[in-house]
Amino acid sequence: NKRHINSSFFLFCINFINFVYPLLISPFIIKKCGLEGFGLVILFQSISIFIASITDYGFNINGTREITFNQDNNTFVNRHFFVVSYTKCILLIGAILLSLLIYIFFSKASEYSFLYFSSLLILIGRAFNPLWILRSLHKIKYFFYFFILFKVIAFVTIYIFLKDQSSLFLVNMTIGLSDFLTCLFSIIVLFFSLKWEFFRPDFVAVKNEILTGFSIFIQVVSINANAYLNPMILGFFVNEYSLGIYCVVEKIILMVKFCGSFIIQSIFPKACELAAKNLSSYKIFARNLFLFLVFSMLAAGFVLTGFSDLIVSFFLKNNRSACQELLIYSAWIPLVVGLNMVPYMTFMVFNKQNKTTSVLIISVLLNIIIAGILSKNFGIYGMTAGIYSIELFISISLWAILTVKFPFLNFINNDKKA
């Protein structure tokens, strides 16, 4: 428990900084480059983060679980790290090809070419993120110190050199570089501190890793598609100013959702350990976590509604009414998302995630269709209505699968039968 608390503290600090960092730079970007510039930054940032989900490939779930169960076997940990790293190299090639396709077919990417390609440094920076293994080994401190250093450098760089839209590329470029350097130095320190040896996995090992994680990969891509592709869909139908309004509100909503995701990420190794020891203990743990998340997101909805003008005023000093109205309209999205977080975590913990793949794939297709139709006809409010409908579909579907197909894993009831 002490190790979990220590790791959770460092992870909390990392996520807290990731939470605060956009709050610090977003008003500055809007002040220097306007809502139009801010909308473009978030648009290309979202695309890069989505593409980066290809290199994530579910290792944050699969890899974390494998290392957690074998954390005392240094040879296994050593070799598994290199298997995952080699797999990520192959996946990175596919991610770069996808980014080129988006550039060809998405008009705003070709219109703002330099900003688009400089934003892809975020993809490079996230490609070899070692947090999946550091969480399992409880060595997040290796990542934390470099994370702080390079975030400060990125922050200072943006504040000194960002002048207007002509230097807008600096924002995503510095974010990407800071992520890359943090990951690079963390891996170097981890390698030498654990006295690892270089291991070159064969093709079969890499192939097995890809096949094993494919179902999680589909789910990760689906979840990130629903979370990050909406600005791109909206970009086909609205101007940069409207896109900027949507991105301000989306940033606020994502921050609230991020708090729930952080909690899930922090306790995932602990949840795996509880599940391996005793199903009843896991169900009590999951039930308490579910209630906590639901009430927290409910409280967040009231705060976002009641203090909408104050929250928006942090980003905009003038002409806030459009953002304020959209924020009130969007305030309950985190609550709907909170309903499906623990069921989804349960499927991951018990390696039943393949049962939810079809739900997430359907949700992406529905999101593209519904968001496209509603955005074309109703702009930013249509996009928000689409998000509500998709998140509600996911929540109802996951609970239906948990209740019907895996009733013994349903943490709401007290059935202890495995």
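1. Let's start with a term: a polar contact is a pair of N or O atoms within 3.5 Å, where, within protein, one atom must be able to donate a hydrogen and the other to accept it. Keep that in mind for Ser-46, whose side chain reaches the backbone oxygen of Ile-42 at 2.7 Å. Please also remember as you read that this is a predicted model.

2. Now for the overall picture. The protein has 18 helices and 0 strands. Its radius of gyration is 21 Å, close to the 22 Å that the globule rule gives for 418 residues, so the protein is as compact as a globular protein of that length. Along the principal axes, the C-alpha trace spans about 55 × 50 × 40 Å.

3. Of the 418 residues, 56% count as buried. The accessible surface comes to about 18,200 Å², and carbon and sulfur atoms account for 69% of that surface. As for charge, the protein carries 31 positive and 17 negative charges, and the mean positions of the two groups are 8 Å apart.

4. How do contacts relate to the sequence? If you take contacts between residues at least 6 apart in sequence, 84% of them join residues at least 24 apart.

5. Is Ser-46 buried or exposed? Its relative accessibility is 6%, and buried means under 20%, so Ser-46 counts as buried. Setting aside residues up to four places away in sequence, Ser-46 touches Tyr-228, Pro-231 and Glu-250.

6. Which residues does Ile-216 contact, leaving aside neighbours within four places in sequence? They are Gly-58, Ile-61, Asn-62, Arg-65 and Gln-353. Take a moment over Gln-353: Ile-216 and Gln-353 are 137 residues apart in sequence, yet their C-alpha atoms are 6.7 Å apart in space.

7. Finally, turn to Thr-346 in helix α17, which covers residues 333–349. Thr-346 has 0% relative accessibility and therefore counts as buried. Apart from neighbours within four places in sequence, Thr-346 is in contact with Tyr-282, Leu-402, Leu-409 and Phe-411.

Methods: Residues are numbered from 1 along each chain as its sequence is written. This is a predicted model: local features need pLDDT of at least 70, side-chain atom pairs count only at pLDDT 80 or more; totals for chains, interfaces and linings use all residues. Side-chain values use heavy atoms; hydrogens and water are left out. Helices (H or I, at least four residues) and strands (E, at least two) are DSSP runs, numbered from the N terminus. The radius of gyration is taken over C-alpha atoms; the globule rule is 2.2 Å times the number of residues to the power 0.38. Buried means under 20% relative accessible area, exposed over 50%, partly exposed in between (1.4 Å probe, protein chains only). Contact means heavy atoms within 4.5 Å. Accessible areas come from the Shrake-Rupley method with a 1.4 Å probe; for residues, only the protein chains shown count as cover. Lys and Arg count as positive and Asp and Glu as negative; His and the chain ends are not counted. The place of a charge is taken as NZ of Lys, CZ of Arg, CG of Asp or CD of Glu.
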